[in-house]
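Here's a quick tour of a model, going from ring pairs to a helix and then a sheet. Have a look at it first.

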Amino acid sequence: MRTLTDLSRPPAGPETPGRPAAQTDARHAPAHDSATLHVTGRARYLDDQAAPANALHVAVGLSPTARGRLTRLDLDAVRRAPGVIDIITVVDIPRKTDVGPVFPGDPLLADDEVRYVGQPLFAVAATDFKAARRAVALAEIEIDAQPAQLDAVAAAEAEEWVRPPHVQQSGDWQQALSDAAHVLEAEQFVGGQEHFYLEGQACLALPNEDDGVIVHTSSQHPSEVQKLIAEVLGVAFHAVTVEVRRMGGGFGGKETQAAPWACLAALLARRTGRAIRLRLPRGDDMRATGKRHPFHNRYRLGVDTQGILLGGEITTIGDCGHSPDLSEAIVDRAMFHADNAYSLGDARVTGIPARTHNPSNTAFRGFGGPQGMMIVERAMDDIARHLGEDPLTIRKRNLYRPGRDVTHYGQHVEQTALLHEIVSRLETDSDYWARRDAIRAYNAQSSVLKKGLALTPVKFGISFTAKHLNQAGALLHIYTDGSVMINHGGTEMGQGLHTKVGQVVARELGLDNSTVRISATRTDKVPNTSPTAASSGADLNGMAARNAAIQVRERLFDFAAEHFFTDQLPEPPSVRDNMRLEDGELVAGHGENERRIAWGELIQAAYLGRVSLSATGFYATPLIHYDRATGQGRPFYYYAHGAAVSEVVVDTLSGEYRVTRVDILHDVGDSLNPAIDTGQVEGGFIQGMGWLTSEELKWDATGRLLSDGPATYKIPTIGDTPPDFRVSLLEGHPNSQASLYRSKAVGEPPFMLAISVWSALRDALSSLADYRVSPALDTPATPERVLFAAQALRQAPETKTPAETPR
């Protein structure tokens, strides 16, 4: 009998695909600006930064109880411990004690109420890290424990919410159910996900002589860190400077949840007058910080005889943890994406942000969108099995198209033809139907090993759904030697944002990419920045940098027309109109009348001519709006699209499986940097695959996280990468909106391509019932869950699931 290992090997010889060839030359697709530093170990992260010799190290005391009243916190032994210099509790906070990013509910340190295991109670500053850790363990903590709410569904039913539920509706969904030929319903659990950034939560706070503080932090949102530190200390925002050079991964886990640790470090720096270094150990990091929201979804949908959706209702319940954090917007985005790429017809979508006694769940790549898409993808598979069709056939029939191109929240889907083209091309390029026939034949003769195949699309909205966040600034300097420095409000976490922004400036000024350098993101250079999130980093900050570069370029053209071309014919205004910057030169005119001036000469002359060689750029996304009262609007500037085909082989006696081949076609508009974009597609897919397959979060009955380290929480490894992994970027389809050079965002959309793996697992399992049954498979689809699903299929009578419901 063939083994899973045999079946996971790629075909030998010329059929094995290589990495896609570069789609542009090195000038327009430079390597990541820190690539060499990364691979040689010379890239400096927070813990690599030198601190003053008298720097103190911080450890944080965490609650061992999920819910209760703090009745005793005796820190006398902690104070006497060797090396301890200072201890803070909530009473030592000078001003604001709540650091909730949008809504209140996140105490920096607990007062008398404890809300989750891992909640910070106190912090200790000591002469070294080990001393601080040992001292924390000496605290005597007594908590009057109370029953903890750990079930999001029960919380929703009891109306225990962090924010009110929200509804989006289009048409008469109840009438649609009445008119439908078939009505199906089902529910699913979609698990959360630990960010598992390689660099944990970390910061370095340095007091300055003006009673302020400079904080180096691993954060996606330095302006919010600045604001919260200032509010905690009771000082003006200008007294706090926050800097981010790079993060060792973020994925959303450092959008809001890096701020509390920076606040603690800043407070201790102010109290002691010494530098403070705070770095959470991995176990504390995983216990104290929020995850991707687990979701409980259900649908009741009506279809016609062809399986086309007529309408119905979808409900999403997000497990938000103990406080709002960003949960309102995350549940909203799950609702926005409950349709994925399909017209729901007349539908009502309800989102419920449930409160539980867990750490406050937070942003994670996709920001609720992946969880929302899962329920409609389950419905597509279920409809197909119910009608005896292939799931791809049902998906294609339900794609947005002219006449069915308005979402349930009122936004017009502009590039419907593009969705169809992507699916059609991938269907052909991946040999979907030939492979489908081969897999059916294989499964018919294989009683244990079963293969599965699935093609799933993605339609993902790009913009912050909080309108005011869709803005960005940049600061550009040109020095007299011609070198260029650009600073912007985005943060670099490995995704290549700095590289792309540098490319933009180089392109506008006609320079080689090496001439442009990006400095660390700092709040005293570009103020009031938005988080680097929502896949908007390049869209927003690249446009702001472009705006700054254009301002300086136009000044240089005006100066050159008067300084270099006063004796030229035709008149200077005509010369001015024909100027351009290319290959490190100012070029005026064409052919025999062309004149070139070296960039360095131009900059020297402009400086002597008292021309400003600096500019601030700004950009605000146009067109977007959303009315929460009506649940209607245009929350997204545009949509990014893609599709993936995944093939799996499952051992139905053990539940073990392999992903043997993946084909991806992804829409990035006119790519800014195909090499970086391809890397984002690959990485996003693998991370999404981990979320849906192996990354299982486990708590005990008291609310204590059990999977609190790499020994108990399994992220994908290089060995989990599909051996046959084919990634292509769609070419020849620029963005229909006036984005940055007609490109499209690429950070989050590829994550959801991994839904094809989950659907392929369901396809393999369905073969146990001759494809007549659509098996339930919650996520992550661990081998245990796959095994239980296989056993249920073998033991169940021949019925179609989910059952058709009475109308």
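How many aromatic pairs does a search of the whole structure find? It finds 13, where rings of Phe, Tyr and Trp (its six-membered ring) pair if their centres lie within 6.5 Å; planes under 30 degrees apart count as stacked, over 60 as edge-to-face and the rest as tilted.

Before the details, a note on the source: this is a predicted model, with local features needing pLDDT of at least 70 and side-chain atom pairs counting only at pLDDT 80 or more, while totals for chains, interfaces and linings use all residues. Residues are numbered from 1 along each chain as its sequence is written, and side-chain values use heavy atoms, leaving out hydrogens and water.

**The ring cluster**

Ring pairs link Phe336, Tyr409, Tyr626, Phe636 and Tyr639 into a cluster. Two of its pairs look like this:

| Pair | Centre to centre | Angle between planes | Type |
|---|---|---|---|
| Phe336 and Tyr409 | 4.8 Å | 75° | edge-to-face |
| Tyr409 and Phe636 | 6.2 Å | 80° | edge-to-face |

Phe336 sits in helix H10 (residues 327-336) and Tyr409 in the loop between helix H12 (391-398) and helix H13 (416-429), so their pair ties together parts 73 residues apart in sequence. Helices (H or I, at least four residues) and strands (E, at least two) are DSSP runs, numbered from the N terminus.

Buried here means under 20% relative accessible area, exposed over 50%, and partly exposed in between (1.4 Å probe, protein chains only). Phe336 counts as buried at 1% relative accessibility, Tyr409 at 0% and Phe636 at 0%.

**Helix H4**

In helix H4 (residues 129-136), the buried residues are Ala131, Ala132, Ala135 and Val136. They span an arc of only 130° around the axis, which puts them on the same side of H4; the arc is that of the directions from the helix axis to the C-beta atoms. On the other side, Lys130 and Arg134 are exposed. The buried residues pack against strand E1 (56-62), helix H3 (76-80), strand E3 (84-88) and strand E5 (120-126), with contact meaning heavy atoms within 4.5 Å.

**An open sheet**

Four strands make an open sheet with mixed pairing, in the order E19-E18-E17-E24; two strands pair if DSSP finds at least two bridges between them. Its edge strands are E19 (516-518) and E24 (614-620), each pairing on one side only. E18 (residues 484-488) and E19 run parallel, joined by three bridges, and Ile486 stands opposite Ile518 in E19.
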